[in-house]
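Please read the following report alongside the sequence and the coordinates.

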Amino acid sequence: MTENQRRARINDAMRTDMGNAVLCWLATVDADGVPNVTPKEIFAAHGDDTILIADIASTNSVRNLSAHPKVCVSFVDVFRQKGFKVIGTARLVAQDDAAFKEVSAPLRMLTGGAFPIRHVIAVGVEKVSRIWAPSYSRFPERSEAELMDTAYRTYGVRPVLDEP
Ligand SMILES: Cc1cc2nc3c(=O)[nH]c(=O)nc-3n(C[C@H](O)[C@H](O)[C@H](O)COP(=O)(O)O)c2cc1C
């Protein structure tokens, strides 16, 4: 799919869930068609059509997408119990690429410089699907706040309230 054929865009709902998701999951496939899926905490939206993911220790993912650039990225806000699945094509930006400094900037902000980034995996967004927990359809009468309360109890945590 070329730049002009891309349809899906990163909207505000996606940005919100990306911000609230602890990590994303990057799925790639190797030369024999064997799938690989691993978590990446350092990821960010770039403009309205690209997701940037830091290769800090992702040797297999990088090797796979050098051969097969099609990827699937998913992320969920585990407390709101919803998120997104994105299909796209990845471009690897290496440290010696002229664009590396600019493209890696949002990811370096997230690491605070604590983790060297070997490549930026720049995923051009092509198709976006919503991920909902089954509770939204099973209990349609429950509000998002009620579902979140249930999730807090399930995970044994409490939200930190903002200082007055
Ligand atoms: C919570 C968590 C967050 C992680 N975040 C990242 C990340 O942002 N970038 C990265 O390259 N590896 C990250 N990792 C490490 C990779 O998932 C791990 O090295 C994995 O084995 C890489 O697999 P791959 O080579 O198949 O991509 C993270 C691991 C965990 C458990």
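## Ligand shell and fold

Strand E2 (35-40), strand E4 (50-55) and helix H2 (59-67) each contribute at least two residues to the shell around the ligand, where helices (H or I, at least four residues) and strands (E, at least two) are DSSP runs numbered from the N terminus. This is a predicted model, in which local features need pLDDT of at least 70 and side-chain atom pairs count only at pLDDT 80 or more, while totals for chains, interfaces and linings use all residues. Residues are numbered from 1 along each chain as its sequence is written, and side-chain values use heavy atoms, with hydrogens and water left out.

E2 provides the largest share of the shell, four residues. Of the 15 residues around the ligand, those that come nearest are Pro39, Ile56, Ser58, Asn60 and Ser61, a residue being counted as near if one of its heavy atoms lies within 4 Å of the molecule. By residue class the shell divides into six nonpolar, six polar and three charged residues; here Ala, Val, Leu, Ile, Met, Phe, Trp, Tyr, Cys and Pro count as nonpolar, Asp, Glu, Lys and Arg as charged, and the others, Gly among them, as polar.

| Residue | Protein atom | Distance to a ligand oxygen atom |
|---|---|---|
| Lys40 | N or O atom in the side chain | 3.0 Å |
| Ala57 | polar backbone atom | 2.8 Å |
| Ser61 | N or O atom in the side chain | 2.5 Å |

Turning to the strands, E5 (residues 70-77) and E6 (residues 82-94) run antiparallel and are joined by eight bridges, two strands being paired if DSSP finds at least two bridges between them. Asp77 stands opposite Lys82 in E6, and the hairpin of E5 and E6 has four residues between the strands. Gln81, which lies in the loop between E5 and E6, has a positive phi of about 60 degrees although it is not a glycine. Most residues other than glycine have a negative phi. Gln81 is also buried, with a relative accessible area of 19%, where buried means under 20% relative accessible area, exposed over 50%, and partly exposed in between (1.4 Å probe, protein chains only).

Ser129 lies in strand E7 and is partly exposed, with a relative accessible area of 23%. The C-alpha atoms of Ser129 and Phe84 are separated by 5.7 Å, although these residues are 45 residues apart along the chain.

With a disulfide taken as a pair of cysteine sulfur atoms within 2.5 Å, the count comes to zero disulfides. Cys24 is in no disulfide, and the nearest cysteine sulfur, that of Cys72, is 10 Å away. Cys24 is buried, with a relative accessible area of 0%.

Overall, the secondary structure of the protein comes to five helices and seven strands, and from the N terminus on its elements run α-β-β-β-β-α-β-β-α-β-α-α. Of the 164 residues of the protein, 37% count as buried, and the C-alpha atoms fill a box of roughly 50 × 35 × 30 Å along the principal axes.

Technical notes:
A polar contact is a pair of N or O atoms within 3.5 Å; within protein, one must be able to donate a hydrogen and the other to accept it, and residues adjacent in sequence count only if both atoms are side-chain atoms.
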